[in-house]
Amino acid sequence: MAPSEETEAFNKAVCNAVQQIPYGKVTSYGHIAKLIGTRTHTQSTIQVEKLIFCIPAERPRQVGICLRHLSRDARAVFNHQNVPWQRVVNVRGAISLRYLYID
């Protein structure tokens with residue numbers, strides 16, 4: 001099943017926000033969620049340009065899900081090499097490992 005336009009817009013916003021974290025700095029899943037907000041429709045038609053922001057409690061988890069599913073393919077627009085996912089920490093201040101790299 002292909003992701004919806006809203007999901008694709010959210011994932012792009014997450015990746016763009018994470019790419020803005022400076023080297024040597026970290027932020028939390030919750031902070032990323034607050035920065036980008038949640039998009040809800042202002043009209044019944046789905047148009048990314050016509051979305052407003054709100055922040056439900058589940059969005060930090062969705063930020064983590066987005067980062068967990070980053071592509072390992074270096075040719076992808078957003079991948080584990082160009083999105084510094086390790087700069088986003090959980091509520092305990094630790095990196096939530098996506099998976100172990102065994103190459």
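## Helix packing around α3

E6, F10, N11, V14, C15 and V18 in helix α1 meet R59, Q62, V63, C66 and L67 in helix α3, where contact means heavy atoms within 4.5 Å. By class, the residues of this contact divide into 7 nonpolar, 2 polar and 2 charged. Ala, Val, Leu, Ile, Met, Phe, Trp, Tyr, Cys and Pro count as nonpolar, Asp, Glu, Lys and Arg as charged, and the others, Gly among them, as polar. This is a predicted model: local features need pLDDT of at least 70, side-chain atom pairs count only at pLDDT 80 or more, and totals for chains, interfaces and linings use all residues. Residues are numbered from 1 along each chain as its sequence is written, and side-chain values use heavy atoms, with hydrogens and water left out.

**α1 against α3**
- α1 (residues 5-19) and α3 (residues 59-68) pack at about 80 degrees, with axes 10 Å apart.
- The two are therefore roughly perpendicular (65 to 115 degrees).
- Axes are lines fitted to C-alpha atoms, over the stretch in contact for helices, and angles run from 0 to 180 degrees between N-to-C directions.
- Helices are DSSP runs (H or I, at least four residues), numbered from the N terminus.

**α2 against α3**
- α2 (residues 29-36) packs on α3 at about 100 degrees, with axes 8 Å apart.
- That makes α2 roughly perpendicular to α3.
- Y29, G30, I32 and A33 in α2 meet R59, P60, V63, G64 and L67 in α3.
- This contact has 6 nonpolar, 2 polar and 1 charged residues.

**R59 and its partners**
- E6 forms a salt bridge with R59, the closest N and O atoms being 3.9 Å apart (a side-chain nitrogen of Lys or Arg within 4 Å of a carboxyl oxygen of Asp or Glu).
- E6 lies in α1 and R59 in α3, so the pair ties together parts 53 residues apart in sequence.
- The structure holds 2 salt bridges.
- The charged end of R59 sits over the ring of F10, 4.4 Å from its centre (NZ of Lys or CZ of Arg within 6 Å of the ring centre and within 35 degrees of the ring normal).

Terms used: Parallel < 35°, antiparallel > 145°, perpendicular 65-115°, else oblique.
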